[in-house]
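Here are my notes for you, as numbered points to read alongside the model. I have grouped them by region, and I hope they are handy as you look around.

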Amino acid sequence: MARRKNKELLELAMDMGGEEAVEVIKALEKKKEATDEELAEITEIRVNTVRKVLYMLYDQGLAEFKRIRDKETGWYYYYWRLETKRLPEIIRSKKMAELKKLREMLEEETSEIYYHCGTPGHPKLTFDEAMDYQFQCPICGAMLMQYDNTEVVEELKRRIEELEIELGLRKKPRKKSN
């Protein structure tokens, strides 16, 4: 597997199932094909957790299996393998969803005026909410002041632009020459 594709797959696995998903994928890459029990033994992760990761990968279209019946016992064995053909499509879809969410957050941040007491962890309230509390923090009772969300707005815009460029929805800005 190409290095970039591998990195993207591992990042996606981390987002989906954390460290255990990454370990299962690494083991599957080495073995090419393995049962859930073999993967559990290799990774030292409980077989139920390995199965959960495998089904999650399967649901995303990143893993496939073949079922083979043991003639002596009558049991079925599932042999799993990675399937990364759909990886670019899946990553693009996740980035599009993230872009949509960031645009919604930007819309929310720019359409409202917020108030805050200045204490980290205390709520940021809209004008109407602040009025309901008579401009006093509902937690500590301190006076609410208008919240400067310039940094939040700028960070959202930067991330949106970054994602749009990655997705080919916007061209990279040209560097200004002096």
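1. Let me start with the charged cluster. Lys95, Glu98, Glu155, Arg158, Arg159, Glu162 and Glu166 are linked in a network of salt bridges, a salt bridge being a side-chain nitrogen of Lys or Arg within 4 Å of a carboxyl oxygen of Asp or Glu. One of the contacts between the residues named is Arg159 with Glu166, at 3.9 Å from N to O. Glu166 is partly exposed at 43% relative accessibility; buried stands for under 20% relative accessible area, exposed for over 50%, and partly exposed for anything in between (1.4 Å probe, protein chains only).

2. A word on the ground rules. This is a predicted model, in which local features need pLDDT of at least 70 and side-chain atom pairs count only at pLDDT 80 or more, while totals for chains, interfaces and linings use all residues. Residues are numbered from 1 along each chain as its sequence is written, and side-chain values use heavy atoms, with hydrogens and water left out.

3. Which strands make the hairpin, and how many residues lie between them? They are β1 and β2, with six residues between them, and Gly74 in the turn has a positive phi of about 80°. Strands here are DSSP runs of E with at least two residues, helices are runs of H or I with at least four, and both are numbered from the N terminus. Strand β1 (residues 63–69) runs antiparallel to strand β2 (residues 76–82), and seven bridges join them; two strands pair if DSSP finds at least two bridges between them. Across this pairing, Arg67 faces Tyr78 in β2.

4. The model has 18 salt bridges in total, among them Arg81 with Glu64, whose closest N and O atoms are 3.0 Å apart. Arg81 sits in β2 and Glu64 in β1, so the pair ties together parts that are 17 residues apart in sequence. Both ends are partly exposed: Arg81 has a relative accessible area of 28% and Glu64 one of 30%.

5. Another pair worth a look is Glu83 and Lys85, a salt bridge with closest N and O atoms 3.9 Å apart.

6. Now the open sheet. Its three strands come in the order β4-β3-β5, with antiparallel pairing. Because β4 (125–126) and β5 (145–146) stand at the edges with a single partner strand each, one side of each has no neighbour in the sheet. Strand β3 (residues 114–116) is joined to β5 by two bridges, and Tyr115 stands opposite Gln146 in β5.

7. Searching the whole structure gives zero disulfides, a disulfide being a pair of cysteine sulfur atoms within 2.5 Å. For Cys117, the nearest cysteine sulfur is that of Cys137, 3.8 Å away; for Cys140, the nearest is again that of Cys137, 3.7 Å away. Cys117 is buried at 15% relative accessibility, while Cys140 is partly exposed at 41%.

8. Helix α2 (residues 36–43) has a clear buried set: Asp36, Leu39, Ala40 and Thr43. They cover an arc of only 100° around the axis, so they lie on the same side of α2; the arc is that of the directions from the helix axis to the C-beta atoms.

9. A UniProt annotation from an unreviewed entry marks residues 18–45 as "coiled-coil region"; annotations of this kind may be inferred rather than shown by experiment, and the positions follow the numbering used here, with feature names shortened. In the model the span is 79% helix and 0% strand, with its end C-alpha atoms 13 Å apart.

10. Lastly, some backbone angles. Most residues other than glycine have a negative phi. Lys32, however, has a positive phi near 70°; this residue lies in the loop between α1 (3–31) and α2 and is exposed at 60% relative accessibility. Just after α2, Glu44 has a positive phi of about 60°. Phe135 also has a positive phi, about 55°; Phe135 lies in the loop between α5 (127–132) and β5 and is partly exposed at 22%.
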